[in-house]
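Hi there,

Here is the structure I promised to pass on to you. Please open it beside this email and follow along as you read.

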Amino acid sequence: MAGTGTLINVLCILLGGACGLLFGRALSRRVQEILICGCGLSTVFIGASGAMQHLLVTGANGALETTGSLLLVVSLVLGGLAGETLGIERRIERLGQWLRVKSHSERDPRFLEGFTSASLTVCVGAMAVLGPINDALYQDYTLLTTKGILDAVLVMALASSLGRGAVFSAIPLALFQGSMTLLARLISPLMTGMALANLSMVGSVLIFCVGINLVFGKKIRVANFLPALILAVAFAYPP
């Protein structure tokens with residue numbers, strides 16, 4: 001049944017988040033801080049490795065060469081401008097504040113940080129697009145099951161250090177991947193190999209930025225760069 005993969009992904013996040021909350025209660029503040037730093041550093045290197053995989057290629061002479069630099073610059077600059085104009089980060093924060101009130105978590109100072117960090121990490125990337133397409137068109141939810149396991153580990157770590165806000169990342173993930181499932185037949189022809197490579201590269205850069213925010217505090221309004229993902233796919237179809 002279409003949507004099974006997203007359901008599995010959501011359940012994995014809820015399970016990982018629940019384990020993280022139970023584990024986090026037993027940790028001191030200093031241990032929670034080192035966990036945040038560990039999550040951030042891991043996220044930085046996951047994002048960096050994903051981006052470098054597409055930015056560096058082996059040339060004809062065996063030397064490393066860079067590619068896709070123009071795509072990256074244009075996507076991030078124009079995408080960031082569009083996102084800032086639309087106020088995407090502000091809208092996501094409003095959703096987080098609403099969830100914070102509805103879940104009676106007003107006394108949790110890190111709820112919003114946990115929600116936004118986890119939401120952006122689990123929703124950004126090629127797997128979040130390709131997985132629902134495979135699920136809807138071919139009833140193959142293997143990719144989303146794999147993604148769910150990875151997301152569970154990440155959300156468990158974030159929930160243990162940032163609290164229950166990370167668990168609520170299951171909501172935007174369900175909305176995003178559910179939309180991808182419904183639109184699968186329309187989107188599938190657009191997801192060529194080059195489009196997915198572009199999406200993966202720019203998405204990995206955004207994941208890198210999420211890691212930077214976890215390590216150093218909020219320095220980058222990552223959500224405002226989400227339109228860059230659309231531009232990255234558009235680059236695969238030159239005029």
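Let's begin with helix 11, where the buried residues are Pro 227, Ala 228, Leu 229, Ala 232 and Val 233. Do keep in mind as you look that this is a predicted model. The partners that these buried residues of helix 11 pack against are helix 3 (69-86), helix 4 and helix 10. If you wonder about the spacing along a helix, an α-helix has 3.6 residues a turn, so residues three or four places apart point the same way.

Next, the salt bridges. How many does a search of the whole structure find? The search gives five. One of them joins the side chains of Glu 89 and Lys 218, at 2.5 Å from N to O. Glu 89 belongs to helix 4 (residues 88-102), while Lys 218 sits in the loop between helix 10 (193-216) and helix 11 (227-234), so this pair ties together parts that are 129 residues apart in sequence. Lys 218 also meets the side chain of Glu 93 in a salt bridge, with 2.6 Å from N to O. Glu 93 is in helix 4 too, so here the parts tied together are 125 residues apart in sequence. Taken together, Glu 89, Glu 93 and Lys 218 form a linked network of salt bridges.

Are these residues buried or exposed? Glu 89 counts as buried because its relative accessibility is 6%, and the cut-off for buried is under 20%. Glu 93, at 24%, counts as partly exposed, and Lys 218 is partly exposed with a relative accessible area of 49%.

Another salt bridge brings together the side chains of Arg 110 and Glu 113, at 3.0 Å from N to O. Glu 113 is partly exposed, and its relative accessible area is 25%.

Now have a look at Ser 119, which you will find in helix 5 (residues 111-123). Ser 119 counts as buried, at 6% relative accessibility. A polar atom of its side chain lies 2.6 Å from the backbone oxygen of Phe 115. Once its neighbours within four places in sequence are left aside, Ser 119 is in contact with Ser 169 and Pro 172.

The next stop is a pair of helices. Two packed helices are described by the angle between their axes and the distance between the axes. For helix 6 (residues 127-138) and helix 7 (residues 142-162), the angle is about 140° and the axes are 7 Å apart. The two helices are therefore oblique to each other. On the helix 6 side, the contact is made by Met 127, Ala 128, Leu 130, Gly 131, Pro 132, Asn 134 and Asp 135, and on the helix 7 side by Leu 143, Leu 144 and Lys 147. Sorted by class, this contact has six nonpolar, two polar and two charged residues.

Finally, find Gln 139 in the loop between helix 6 and helix 7. Gln 139 is partly exposed, with a relative accessible area of 47%. Its side chain reaches the backbone oxygen of Ala 136 at 3.2 Å. Leaving aside neighbours within four places in sequence, the contacts of Gln 139 are Met 1 and Asn 134. How far apart are Gln 139 and Phe 208 in space? From C-alpha to C-alpha they are 31 Å apart, and in sequence they are 69 residues apart.

Enjoy exploring, and write back with any questions.

Best wishes

Note on methods: Residues are numbered from 1 along each chain as its sequence is written. This is a predicted model: local features need pLDDT of at least 70, side-chain atom pairs count only at pLDDT 80 or more; totals for chains, interfaces and linings use all residues. Side-chain values use heavy atoms; hydrogens and water are left out. Axes are lines fitted to C-alpha atoms, for helices over the stretch in contact, and angles run from 0 to 180 degrees between N-to-C directions. Helices (H or I, at least four residues) and strands (E, at least two) are DSSP runs, numbered from the N terminus. Angles under 35 degrees count as roughly parallel, over 145 as roughly antiparallel, 65 to 115 as roughly perpendicular and the rest as oblique. Contact means heavy atoms within 4.5 Å. Ala, Val, Leu, Ile, Met, Phe, Trp, Tyr, Cys and Pro count as nonpolar, Asp, Glu, Lys and Arg as charged, and the others, Gly among them, as polar. A salt bridge is a side-chain nitrogen of Lys or Arg within 4 Å of a carboxyl oxygen of Asp or Glu. Buried means under 20% relative accessible area, exposed over 50%, partly exposed in between (1.4 Å probe, protein chains only). A polar contact is a pair of N or O atoms within 3.5 Å; within protein, one must be able to donate a hydrogen and the other to accept it, and residues adjacent in sequence count only if both atoms are side-chain atoms.
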